[in-house]
Amino acid sequence: MNQLRQRTTYVQSIPIVAITGEIDMMSSRPVTNNLAQLLDRKPPALVIDLREVRFFGSEGIRTLVEAQAQADELGVKFGVVSDTRAVLRPLAMTAVDQLLLLFDDVDDAVTALSGC
């Protein structure tokens with residue numbers, strides 16, 4: 001059974017959503033809903049940390065594309081943190097990596113997104 005966990009912390013009023021587990025058809029909806037609710041509050045930026053994600057398929061990609069579109073609409077900077085092949089390879093294969101601001105770690109993302 002796939003266990004997906006989300007934990008939201010804040011750094012300088014920027015929500016950091018850390019995901020652990022697998023993002024697939026069964027688990028993507030809570031992630032999408034959480035990101036949408038956070039974006040609706042119009043924080044200065046939003047960071048999603050995918051370093052602990054073991055499986056990342058088309059639903060994960062869709063989740064990020066939707067979040068990026070909503071962030072763009074609301075004028076919120078959106079960053080994705082990942083250093084794993086499980087996440088980076090599907091993003092590169094679909095060219096979605098070109099749409100997103102990708103970072104290796106949360107500190108880099110916060111620094112870049114708060115400094116813009």
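The structure is a predicted model, in which local features need pLDDT of at least 70 and side-chain atom pairs count only at pLDDT 80 or more, while totals for chains, interfaces and linings use all residues. Residues are numbered from 1 along each chain as its sequence is written, and side-chain values use heavy atoms, with hydrogens and water left out.

Leu39 belongs to helix 1 (residues 28–40). Helices (H or I, at least four residues) and strands (E, at least two) are DSSP runs, numbered from the N terminus. Neighbours within four places in sequence set aside, Leu39 is in contact (heavy atoms within 4.5 Å) with Leu46, Ala67, Gln70, Ala71, Leu74 and Val76. The C-alpha atom of Leu39 lies 9.3 Å from that of Pro15, a residue 24 positions away along the chain.

## Salt bridges

The model contains three salt bridges, each defined as a side-chain nitrogen of Lys or Arg within 4 Å of a carboxyl oxygen of Asp or Glu. One of them links Asp49 to Arg51, with 2.7 Å between the closest N and O atoms. Asp49 is buried at a relative accessible area of 9%, whereas Arg51 is partly exposed at 29%.

In helix 2 (residues 58–74), Glu59 and Arg62 are three residues apart, about one helical turn, and form a salt bridge whose closest N and O atoms are 2.7 Å apart. Arg62 also meets Glu66 in a salt bridge, at 2.5 Å from N to O; these two residues of helix 2 are four places apart, again about one turn. Through shared partners, the salt bridges join Glu59, Arg62 and Glu66 into one network. An α-helix has 3.6 residues a turn, so residues three or four places apart point the same way.

Helix 4 (residues 106–115) has Val106, Ala109, Val110 and Leu113 as its buried residues. These residues lie on the same side of helix 4 because they cover an arc of only 95° around the axis, the arc being that of the directions from the helix axis to the C-beta atoms. Asp107, Thr111 and Gly115 are exposed on the other side of helix 4.

The cover over the buried residues of helix 4 includes strand 1 (5–11), strand 2 (14–23), strand 3 (45–56), strand 4 (77–81) and strand 5 (101–103). At the start of helix 4, a side-chain oxygen of Asp105 comes to within 3.1 Å of the backbone nitrogen of Asp107.

Five strands form an open sheet in the order 1-2-3-4-5, with mixed pairing; two strands pair if DSSP finds at least two bridges between them. Strand 1 and strand 5 stand at the edges, each with a single partner strand, so one side of each has no neighbour in the sheet. From one strand to the next, the twist averages 25°; axes are lines fitted to C-alpha atoms, for helices over the stretch in contact, and angles run from 0 to 180 degrees between N-to-C directions.

Strand 2 pairs with strand 3 in the parallel sense over seven bridges. Gly21 has Val53 in strand 3 as its bridge partner.

Conventions: Buried means under 20% relative accessible area, exposed over 50%, partly exposed in between (1.4 Å probe, protein chains only). A polar contact is a pair of N or O atoms within 3.5 Å; within protein, one must be able to donate a hydrogen and the other to accept it, and residues adjacent in sequence count only if both atoms are side-chain atoms.
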